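Hello,

Here is the structure for your pocket work. My notes follow below it.

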Amino acid sequence: NIKPKVQGFEYDVRGMAGKLFVATNNDVFMQQDGITVSSDGITVLLDRNILQESGRAYAEIDLTDSFGTCSSSTFMFSIDKKIGCPSGTTYFH
């Protein structure tokens with residue numbers, strides 16, 4: 001769940017379409033499905049292909065409406081192997 005802000009103030013994203021770009025290791029993913037944009041913010045259900053390898057992930061979100069596109073700054077999250085689960089199972093934080 002993401003609450004976008006501009007200069008410290010909440011940014012109204014209602015009516016916008018979202019697109020997520022994620023770079024992990026040597027792969028770059030673009031995701032359009034599983035992204036919900038509402039007055040509460042942006043909810044992203046990460047595609048399982050993004051979570052296949054553990055490591056640091058770099059991401060950006062593009063939001064588009066009839067006025068154009070705005071992009072987030074690059075942000076990071078970690079994808080860690082899950083202990084006690086089958087090989088290849090990961091989670092992020």
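Strand 7 (55-65) gives the most to the lining of the largest pocket, with 3 residues. Strands here are DSSP E runs of at least two residues, numbered from the N terminus. Strand 1 (5-6), strand 6, strand 8 and strand 9 are among the others that each supply at least two lining residues.

This is a predicted model: local features need pLDDT of at least 70, side-chain atom pairs count only at pLDDT 80 or more, and totals for chains, interfaces and linings use all residues. Residues are numbered from 1 along each chain as its sequence is written, and side-chain values use heavy atoms, with hydrogens and water left out.

The pocket holds about 480 Å³ of space. A pocket is an open set of points on a 1 Å grid over the protein atoms alone, where a 1.4 Å probe fits, with protein on both sides within 12 Å along at least five of seven lines; lining residues have an atom within 4 Å of a point. The volume is the space filled by probe spheres set on the points, which are joined across faces, edges and corners.

In total, 21 residues line the pocket. Nearest its centre lie I2, I42, I61, S72 and F75. By class, the lining has 15 nonpolar, 5 polar and 1 charged residues. Pro counts as nonpolar and Gly as polar.

Strand 7 also pairs with strand 8 (residues 68-71): 4 bridges join them, antiparallel. Pairing takes at least two DSSP bridges. D65 has G68 as its bridge partner.

Best wishes
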